[in-house]
Amino acid sequence: MGTKTADETGAETGAEATTDQEKVSVTKSADDAPQSATEIGTESAAAAGADTDLDAENAENAENAENAADAEDLEDSEDDADLAGDLAEAEGPSGVGQGAAAVVSAALGLVSLTGGWIGTVAAARETLVGQLQTSSTASVAKQVKEVYGDAWATTALWAGLFALAALLTGVVVLARPAFGAPGKPQAPWIKSVAWAGVALGVIGLLLAVLKYSDALLGVPSTS
């Protein structure tokens, strides 16, 4: 009973050996665990540093891209300003002067037909001069001519001058594009007003010539 068999002794020896191996494995696992945690922490720190560097690089790239975009926009603005200036120089005058001259031509044409204060004053002055220079003993024909005929002729003369000014101004406005920037068309309204001034000038000049020569509304005969 007190004697152990060889099988029992081997079983105990194997059990002890197994227990020792498990202890060694647990010890190794415990030793390896901190090392693995350290490595994980190191790798995490490295990854965090890499992410920080990547974020910094992205921010720098974004700032550089923004600066490049701003510089490009500024350059485009300067190019647009230069282009606008070049176009303005190529287009030449805006046509304001031509439009004003066309309006003046039409106004002068109207004055030549309706009369102005200059013509009225000149006619009244001529009437006064005729009355002063004509004696009461002069013939009726002479008195009519000096008092009325000369005053009417003076009115016609001033109307003719206004008509001639309207005609010349309108012609100059219409001919101006030929001496300006090539290929720049004249505004339609400027042409219309200028042609109106020319037409009124021609009509006023024709009527003034007819009246001054007594072909139209001449001095009545006293015989």
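I began with α4 and α5, whose crossing is left-handed. This is a predicted model, and I read every value below with that in mind. The two helices, α4 and α5, pack at an angle of about 155 degrees, with 7 Å between their axes. Sorting the residues of the contact of α4 with α5 by class, I noted 20 nonpolar, five polar and two charged.

Next I looked up α2 against α4. On the α2 side the contact is made by Gln98, Ala101, Ala102, Ser105, Leu108, Gly109, Val111 and Ser112, and on the α4 side by Ala159, Phe162, Ala163, Ala165, Ala166, Thr169, Gly170 and Val173. By class, the residues of this contact of α2 with α4 come out as ten nonpolar, six polar and no charged.

I then turned to α2 and α5, which pack at an angle of about 25 degrees with their axes 8 Å apart. Since angles under 35 degrees count as roughly parallel, α2 and α5 are therefore roughly parallel to each other. Their crossing is left-handed. From α2, the residues that meet α5 include Gln98, Ala102, Ser105, Gly109 and Ser112, while the α5 residues they meet include Trp189, Val193, Gly197, Gly201 and Leu207. I counted the classes for the contact of α2 with α5 as 13 nonpolar, eight polar and no charged residues.

Last, I looked up the largest pocket, which holds about 280 Å³ of space. It is lined by 19 residues, and the closest to its centre are Ser112, Leu113, Thr155, Ala156 and Ala159. Which helices supply at least two residues each to the lining of the largest pocket? I found α2 (96-114), α3 (117-133), α4 (140-175) and α5 (188-212). The largest share of that lining, five residues, comes from α4. By class, the lining of the largest pocket divides into ten nonpolar residues, eight polar and one charged.

Reading the entries together, I see that Ser112 of α2 takes part in the contact with α4, meets α5, and is among the residues closest to the centre of the largest pocket. Ala159 of α4 is part of the contact with α2 and is also among those closest to the pocket centre.

How values were computed
Residues are numbered from 1 along each chain as its sequence is written. This is a predicted model: local features need pLDDT of at least 70, side-chain atom pairs count only at pLDDT 80 or more; totals for chains, interfaces and linings use all residues. Side-chain values use heavy atoms; hydrogens and water are left out. On a 1 Å grid over the protein atoms alone, a cavity is a set of points where a 1.4 Å probe fits but cannot get out, and a pocket is an open set with protein on both sides within 12 Å along at least five of seven lines; lining residues have an atom within 4 Å of a point. Grid points are joined across faces, edges and corners, and a volume is the space filled by probe spheres set on the points. Helices (H or I, at least four residues) and strands (E, at least two) are DSSP runs, numbered from the N terminus. Ala, Val, Leu, Ile, Met, Phe, Trp, Tyr, Cys and Pro count as nonpolar, Asp, Glu, Lys and Arg as charged, and the others, Gly among them, as polar. Contact means heavy atoms within 4.5 Å. Axes are lines fitted to C-alpha atoms, for helices over the stretch in contact, and angles run from 0 to 180 degrees between N-to-C directions. Angles under 35 degrees count as roughly parallel, over 145 as roughly antiparallel, 65 to 115 as roughly perpendicular and the rest as oblique. A crossing is left-handed if the near helix is turned anticlockwise from the far one by less than a right angle, and right-handed if clockwise.
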